[in-house]
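Trainee: Could you take me through the aromatic ring pairs of this protein, with a close look at one pair and its surroundings?

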Amino acid sequence: MDTSSTQDNELTEPILSDPPVVFPPEGEEVSSELEEILSDTSLTNLRRYQKATSVEMYSLTRLAAPAIIMYLLNNVTSMSTQIFCGQLGNLQLAAASLGNNGVQLFAFGVMLGMGSAVETLCGQAYGAHQYPMLGIYLQRSTILLMLTGIPLAVIYVYSRPLLILIGQSKEIAAAASIFIYGLIPQIFAYAANFPIQKFLQAQSIVNPSAYIAATMLVVHIGLTYLGLYVWGWGLLGASLILSFSWWVIVVAQFVYILTSQRTKETWTGFSMQAFSGLWPFFKLSLASAVMLCLETWYFQILVLIAGLLPNPTIALDSLAVCGTILGWVLMISIGFNAAASVRVSNELGAGHPKSAAFSVVVVTLTSFVVALICAIILMIFRDVISYIFTGGEVVAEAVSELVPLLALSVLLNGIQPVLSGVAVGCGWQAFVAYVNVGCYYVIGVPFGCLLAFYFELGAKGIWSGLVAGMTMQTVILLWVTFRTDWNKEVEQSRNRVDTWKHDKEEALLHS
């Protein structure tokens, strides 16, 4: 028997095809077209890659574009609350900014990170045609995130003394704590929202979430206006409305899951099996959260360091402007991140190593080209871009000096988040967490402090540390990704599915 032929067949046949046969959900299953094109030796290399690129770009666009829109709209929903609060006065603006960009961002990072475990497991299970697994993973993740929400809620309750402890004035801490109290229900909305989003994304169902986000943004703006300017609910009312809006998004997405024909095979109802295997699931979820939070917290640490500079006001303003711009461009990269995770996990689960590797190349190059266009635009308008946020000439000059470093950061963000998405698709979260610790906190922060204080480069020095950390991280992820044995990754994906199947059979025997 030809061993190599047998191995190839094992990799391209549906994993775990034992009876009973599970029919694919209505909609699209993971196609073998890309793998067949890449394996077609009758075509020239050029023709083969042309056809493969066309197929992959179609899949990538359908995933990335709605994901980018969804993340942008969700971001605008929170930002609109902050803008409305700012119209009430400077104290209210400071309180809402601290609540949104400080405390809320912390919970957002933890929940989004932990929800990424669903991205890995649901994506691979969907590719392996083990459709009922997706519903189990969705429930299992929601249980863990709801439990994680309890200690986060305790932090929210004691936000006032914690804010005073880190140096905030008593007046701002008191106002911010009122706003933060209203965000407690939002924690648990996050706990349900991110598993649902990842559950849908794993099946390439992205448009409904984007439509829901767009509709809810309009409703949220109307409710916030009424709550603040007509009913006079103040800071607490504003944050409660924001929490309510997030819960409406959650309920609308879950109603879609219950009623859509596209999810009738992947959602088979609530199951006690969701309570089994929680510990290994928690370890993967925790690694995902650490991976994301280490990146999120890094910029906040840089802002705190900037407050120690000789002229902190200008440094903080310029960093805030550049950080906001980088955050908006990052929404595009996060869309590509989600697309990369779905494409890689689906292809691995389906036993398509060549397709997984090719998807990585296409999504990385596409994201980089988009980032390059954004970087060029920033360089062209470097002298005036700050006037979108403030009219000060001093700040404009400071921002103009930072823009070359900002443009370089944008270029790196065109690659790094995509490779993080690949890592999620493969289940490498723990490895990336270690990389982030080394690059950002062992290299980036000390190097930035050295340049900012010893060499007196100020904000440019701090941002140079950021660029150094991002560059090292990107190089390591590139090296690891493009040296990956994709056949081995397929086998590891198969093992995850086998483990689930074994657990399921044991549960059925016990019942």
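Mentor: The model is a predicted one, and a search of the whole structure finds 15 aromatic pairs in it. Take phenylalanine 254 and tryptophan 267: their ring centres are 5.5 Å apart and their planes stand at 85°, so this pair is edge-to-face, given that an angle over 60 degrees counts as such. Phenylalanine 254 belongs to helix 10 (residues 234-259), whereas tryptophan 267 sits in the loop between helix 10 and helix 11 (278-306), so the pair ties together parts that are 13 residues apart in sequence. As for accessibility, phenylalanine 254 counts as partly exposed because its relative accessibility is 22%, while tryptophan 267, at 10%, counts as buried, the cut-off for buried being under 20%.

Another edge-to-face pair is formed by tyrosine 454 and phenylalanine 455, with 5.1 Å from centre to centre and 85° between the planes. Here tyrosine 454 counts as exposed, at 62% relative accessibility, and phenylalanine 455 is partly exposed, with a relative accessible area of 48%.

Beyond these two examples, ring pairs also link Phe108, Tyr190, Phe194 and Trp246 into a cluster. Finally, a ring can have a charged neighbour as well: arginine 48 lies over the face of tyrosine 49, at 5.8 Å from the ring centre.

Conventions:
Residues numbered from 1 in each chain as written. Predicted model: local features only at pLDDT ≥ 70, side-chain atom pairs only at ≥ 80, totals over all residues. Heavy atoms only, no water. Phe/Tyr/Trp six-rings, centres within 6.5 Å; stacked < 30°, edge-to-face > 60°. Helix = DSSP H or I, 4+ residues; strand = E, 2+ residues; numbered from the N terminus. Buried < 20%, exposed > 50% of the residue type's maximum accessible area, 1.4 Å probe, protein only. Lys NZ or Arg CZ within 6 Å of the ring centre and 35° of its normal.
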